[in-house]
Amino acid sequence: MAKEINTIGVLTSGGDAPGMNAAIRAVVREALSKGKKVKGIYKGYNGLLNEEIKDLTARDVSDTISKGGTVLYTARCAEFRTEEGQKRGAEVCRKHGIDGLVVIGGDGSFAGAQKLANLGINTVGVPGTIDLDIACTEYTIGFDTAVNTAMEAIDKVRDTSTSHERCSIIEVMGRNAGYIALWCGIANGAEDILLPEKYDYDEQKLINNIIATRKRGKKHHIIINAEGIGHSTSMARRIEAATGVETRATILGHMQRGGSPTCKDRVYASMMGAYAVDLLCEGKTNRVVGYRHGDFQDFDINEALAMQKSIPEYWYRVSRALAI
Ligand code: ADP
Ligand code: F6P
């Protein structure tokens, strides 16, 4: 028989993402509406190990849905990668009466959640990362806001780049995944998009393309460079030397992770947070919430972590065709 859950814990882990607060709020209010107690665990797995745990009421999450970042704070925790750390984490949960846990974060955070589930704490993961790099889901909390923030910033760089007839290399986040770069590449009409999944390190091809687009009368040349490729500043120096076209590098950095979440991030994060609580209340554990084919679904964490995801070939081909 499924274990009855009385107290649900919630934490955010890894890089923060706009919309995490909407997910936390939904966890708290869905759980309270089902008669459960809720405990907020501050600063990710670090806070779990340090017992930074507080009861949460519906009022504690008032006025948070429109805020960026995470009101529970977040952290990366090396100790939690060890068996000892994980066992202590499970003990802390038991000590505080937490019999169900919602972990909002990326793949790394899910690996931690899986360990807690193996140690008897019912655990559900909710995908929170601006990188969109979680294979079981077409949506991750924060991507929509981040990609819109990056798009607006790139539009601005493009204005000045055109005025000076320059080449601009704009580096966006994404760690080893090129989703932010690809979406901005299409949305901002970039001439080149460098994706970790596709880049062949042939800089001569880029140089030839800049020279060719100049000849075709283009007034700027926007290169979106995914973070996984990096070195935008030195690349700009080499490109300027080889083409004679003034070239500047802009690294958008952490501004992409901040700001008020978009409507989509607020709504989807709310749905996912509530869905995670419903799974726990049904006695489910070792699950992760995803969004696929127009609906919210859940997957076994082990299976979710084993899934692969890559840039769709068709999207990439179209992005190239539209850049002529
Ligand atoms: P994300 O969750 O965004 O992928 P990280 O990869 O930094 O971010 O992981 C966040 C935290 O999750 C790590 O700091 C660590 O505490 C925990 N974690 C990551 N991988 C594992 C693992 N294999 N086992 C246990 N905990 C892990
Ligand atoms: O995973 C989110 C992310 O913003 C990545 O895009 C980036 O590589 C990384 O986190 C940056 O991490 P930090 O905040 O530790 O610099």
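Let me start with one residue: Arg166 is buried, at 14% relative accessibility. Keep in mind that this is a predicted model. So what does Arg166 pair with? Its salt-bridge partner is Glu246, and the closest N and O atoms are 3.3 Å apart. Glu246 sits in the loop between α8 (232-243) and β9 (247-251), while Arg166 sits in the loop between α5 and β6 (167-172), so this pair ties together parts 80 residues apart in sequence. The cut-off for buried is under 20%, so Arg166 at 14% falls on the buried side.

Now the wider count. How many salt bridges does a search of the whole structure find? The answer is 18. As background, side chains of opposite charge can pair when their charged atoms come close.

I'll show two more of these pairs. Lys198 and Glu313 meet through their side chains, at 2.5 Å from N to O. Lys198 belongs to the loop between β7 (192-194) and α7 (203-215), and Glu313 belongs to helix α11 (residues 313-321), so the bridge ties together parts 115 residues apart in sequence. Lys198 is partly exposed, at 27% relative accessibility. Glu313 is exposed, at 52%.

The other pair is Lys205 with Asp200. Here the closest N and O atoms are 2.6 Å apart. Asp200 is partly exposed, at 43% relative accessibility. There is also a network: Glu30, Lys34 and Asp278 are joined by salt bridges that share partners.

Stay in the loop between β7 and α7 for a moment, where we find Tyr201. Tyr201 is exposed, with a relative accessible area of 59%.

Next, helix packing. Two packed helices are described by the angle between their axes and the distance between the axes.

Take α5 (residues 143-163) and α6 (residues 179-187). Their axes come within 10 Å and cross at roughly 45°. That makes α5 and α6 oblique to each other. The crossing is right-handed. Which residues meet there? From α5 come Phe143, Val147, Ala150, Met151 and Ile154. From α6 come Tyr179, Ile180, Trp183, Cys184 and Ala187. By class, this contact has 10 nonpolar residues, no polar ones and no charged ones.

Helix α6 also packs on α11. The angle is about 35°, and the axes are 10 Å apart. Is this crossing left-handed or right-handed? α6 passes α11 in a left-handed crossing. On the α6 side, the contact uses Leu182, Trp183 and Ile186. On the α11 side, it uses Trp315, Tyr316 and Ser319.

Asn46 is in helix α2 (residues 44-49). Asn46 is partly exposed, with a relative accessible area of 27%. Which residues does Asn46 contact, leaving aside neighbours within four places in sequence? Those are Ala75, Arg76 and Cys77. Asn46 and Glu79 are 33 residues apart along the chain, with their C-alpha atoms separated by 7.9 Å.

Then Val92, in helix α3 (residues 83-95). Val92 is buried, at 2% relative accessibility. Not counting residues up to four places away in sequence, Val92 touches Leu48, Glu51 and Ile53. Val92 and Asn50 are 42 residues apart in sequence, and 8.8 Å apart from C-alpha to C-alpha.

Glu51 lies in the loop between α2 and β3 (53-55). Phi of Glu51 is near 55°, again a positive value in a residue other than glycine. Glu51 is partly exposed, at 28% relative accessibility.

Terms used: Residues numbered from 1 in each chain as written. Chains lettered and ligands numbered in written order. Predicted model: local features only at pLDDT ≥ 70, side-chain atom pairs only at ≥ 80, totals over all residues. Heavy atoms only, no water. Axes fitted to C-alpha atoms, helices over the stretch in contact; angles between N-to-C directions. Helix = DSSP H or I, 4+ residues; strand = E, 2+ residues; numbered from the N terminus. Parallel < 35°, antiparallel > 145°, perpendicular 65-115°, else oblique. Left-handed = near helix turned anticlockwise from the far one by under 90°. Contact = heavy atoms within 4.5 Å. Nonpolar A, V, L, I, M, F, W, Y, C, P; charged D, E, K, R; others polar. Buried < 20%, exposed > 50% of the residue type's maximum accessible area, 1.4 Å probe, protein only. Salt bridge = Lys/Arg side-chain N within 4 Å of Asp/Glu carboxyl O.
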